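Have the structure open and follow along.

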Amino acid sequence: MMRPDTEAELADAIGSATGPIRVEGGGTRATGGGGAVLRTGGLSGITLYEPGALTMVARAGTPLAEVEAALAAEGQRLPFEPMDHRGLLGTKGEPTIGGVFAANVSGPRRIAVGAARDFLLGVRFVDGAGRIVANGGRVMKNVTGYDLVKLMAGSRGTLGVLSEVSFKVLPRPAAVATLRLSGLSDVDAVTALARALGSPWEVSGAAHAPDRAATLIRIEGSEASVRYRAGALQKLLAGFGAAEIVTDGAENAGLWAAIRDVAAFQAGSGDVWRLSVKPSDAPRIVAALPECRALYDWGGGLVWLLAPEGKHMAAIREAVSAAGGHATRLRGDGPGAYPPQPPAIAALEAGLRARFDPRGILNPGLMGD
Amino acid sequence: MEMPPPDPAILARQPELVKRLSGALSAGAVISDPAETRAYECDALTAYRCAPLAVVLPSSTQEVAAVLRICHDMRVPVVPRGSGTSLAGGALPGGDCVVLGVARMTAVLETDYANRFIRVQAGRTNLSVTGAVEADGFFYAPDPSSQLACAIAGNIAMNSGGAHCLKYGVTTNNLLGVTLVLMDGTVTELGGAHLDAGGLDLLGLVCGSEGQLGVVTEATLRILPRPEGARPVLIGFDSSEVAGACVSDIIKAGVLPVAIEFMDRPCIRACEAFASAGYPDCEALLIVEVEGSEAEIDEQLGVILQIARRHDPVELRESGSEEESAAIWLGRKSAFGAMGQIGDYMCLDGTIPVSELPRVLRRISEMSEEFGLRVGNVFHAGDGNMHPLILYDANKPGDLETCEAFGAEILKLCVEVGGCLTGEHGVGVEKRDLMAHQYTPDDLEAQMAVKDVFDPKWLLNPAKVFPLAASEPRRVAAE
């Protein structure tokens, strides 16, 4: 196992590697595959935090918990609400900030504020040839050259190993409330969520759990503002039944952590799929898939699907690609976890991987071949 | 500023090229008469001009693909052009280039309120995207100052920002998908009505690539429900440092305004003379705007005013009506025009960490003395994106060169304090040769490797973004 303590050591380790490398932050997101394990935990620590500029810079292996604690101390947070994969994937370890960005992990608030990739301002990484590369910076507006920051976000260590990330953060609001509608069909629930998201009341979470027939709409802000908007939304959605309003902070945190971490599918067996689709298509796609259970987030744009082990891969892929979007299997065995790309896109991706990792040693087999 | 000399072999093939292009496009879509191609000799960076070999104005993705196939086949460089409002020379052609303008591609293809997106042809102007949805209570958030004229294609190429980025982000944060035609004519779809990438984030890579990776012909854009209301407050200070500290305190306090705009005294005076907005004569002025219902606005402005009072403002002006709001914005919106009344100016676009504002402003004013040129500062303070306007006299020999040298020093300062060369205008030709101040050779190599993959022959908008010396081996090898 390699565990470099500095960026220079990281560059040495990759440059002198003779075989495949499996890159791991905290190892909580189960990248799979063979190869010598490279852990980023030695590259740890917050190097700069300016609350007045809403920016933080941290080494990639910094535990997420450390980042969140430092932000909380200043009344700020990571706005994109990254999911914790441990419950769903049965993994152990400590999630790292580098892992969050490398996998572009975003939670329910993504629908309102953007994904992890939207908050990533700058990266330093070591590519597959051992070269140290910097891109972006620590300012919010930066169009100096190509945006390799976006390319690295979500590339899961296939183009390079992050050594440092800088990112934008946001203030933590004073109050939160959730409107809970009950007994809606999937179609009605997604319609209700669309209406809420199409209102000026800044919905920051829009989920539907068919198992419990619960449809959840979250708003955040100052106390007076949350009260006002909760009332306005209640009126707007009156046609969907009476909405209960949850205002307790701890209860809200629990509700949304369960959505974020897909608590409903954590226990038991079965494959877990993550579908990214046009929100209004979601109920139809789900209805067409037999034996599957669904959890809707992002107003329907993100569907978590629990399928019987090893079954329905072709049907899931077909339903999603017919509508437009993609499906990734997050839990389950066998090949084909990542969505196949059309030939022209696949050629561009292969070209980029060949350029950034000419020897093909970084997480080979991950994200397609 | 240097451009590679036109390739005589390409110039010699012009008649054949025009014939093939004319055969592929509808009548009137190919311009080769030198009297007419001159209209495309520059963009909004008017200091540099060069008429292209030909101009094509295709009407569809298929026509764009046909043009690119022909140019690829004949090894002719192509310069994509939105509305030609680039301040960085992003659409400046070389003499052996075909300018591909998307001005005829302006249709709205799909509007979907349930899923909150609009799909448009990329030549549509920024403001007319909002125009297509505002009657239904929606808007498209990125709002560059040139939004009346600038095209979505150019916004995507430069990853344009605007005054309201602090809350809504820039183009890349509001772009869901594109139809991208590669240089060899291959048509690809990146993204769509869904939210994130299934593989590598090629959409994020293409946005801001300055027309060097492909030509965007259609775009899926996120639209947002319009807030119930918005109201600005004007705050004057007798020192730029204090104004900068106030910005930082507002952000730290947890209120998130949609815009925090900053103007310094030279700029305030110019605006007063030009637009009579009734601004106080002070050292620095902030315009802070918040959104929401009346009560929400009152609450947020209450917090902001409380913070502002702690910094001893010389002026605090709350807007009580739409007219008063318009008056507060009037001067800021006419700032560029006002400075233009005083003389020729160069507009810079560096970004700095907000905490460095006081230091950078002080240093700019010192440099202004050293170079003997006046500067006005007007910028988006909330996100640190500065727009120093350096005044010079185009008719005075050597003045433009002094101005460019001064500008380069300011941009280097931005990088030195932890910022960057350009926040929203792009590199183009203007900042191309400063890139080495921000990036190492390996950093630049990694970016150029991306272009190698998308455009192996380096035919799309060559001689931009990267220092000429750095890109030369690739451009030469491709010939």
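Keep in mind that this is a predicted model. Chain A is split into three pieces: domain 1 (7-171), domain 2 (175-260) and domain 3 (265-331).

Let's take domain 1 of chain A and domain 3 of chain A. The contact draws on 10 residues from domain 1 of chain A and eight residues from domain 3 of chain A.

| Domain 1 and domain 3 of chain A | Value |
|---|---|
| Separation of centres (C-alpha atoms) | 27 Å |
| Area buried between them | about 800 Å² |
| Share of that area from carbon and sulfur atoms | 69% |
| Salt bridges between them | zero salt bridges |
| Polar contacts across the interface | two residue pairs |

On the domain 1 side of chain A, L88(A), L89(A) and I111(A) lose the most area to domain 3 of chain A, and together they make up 51% of what that side buries. The elements giving two or more residues to this side are α3 (86-89) and α5 (110-113) of chain A. Of the elements there, α3(A) gives the most, with three residues.

Now over to chain B and its helix α2 (residues 14-24). Which residues of this helix are buried? They are L17(B), V18(B) and L21(B). Looking down the axis of α2(B), the buried residues fall within an arc of 95°, so they line one face of the helix. Their packing partners are β1 (30-31), β2 (54-56), α4 (61-74) and β4 (98-101) of chain B. Turned away from the buried side, the other face of α2(B) carries exposed P15(B), K19(B) and G23(B).

Definitions and conventions:
Residues numbered from 1 in each chain as written. Chains lettered and ligands numbered in written order. Predicted model: local features only at pLDDT ≥ 70, side-chain atom pairs only at ≥ 80, totals over all residues. Heavy atoms only, no water. Buried < 20%, exposed > 50% of the residue type's maximum accessible area, 1.4 Å probe, protein only. Helix = DSSP H or I, 4+ residues; strand = E, 2+ residues; numbered from the N terminus. Arc of directions from axis to C-beta. Contact = heavy atoms within 4.5 Å. Domains from an automatic or database assignment. Buried area = accessible area lost by both parts, 1.4 Å probe. Salt bridge = Lys/Arg side-chain N within 4 Å of Asp/Glu carboxyl O. Polar contact = N/O pair within 3.5 Å; in protein donor to acceptor, adjacent residues only side chain to side chain.
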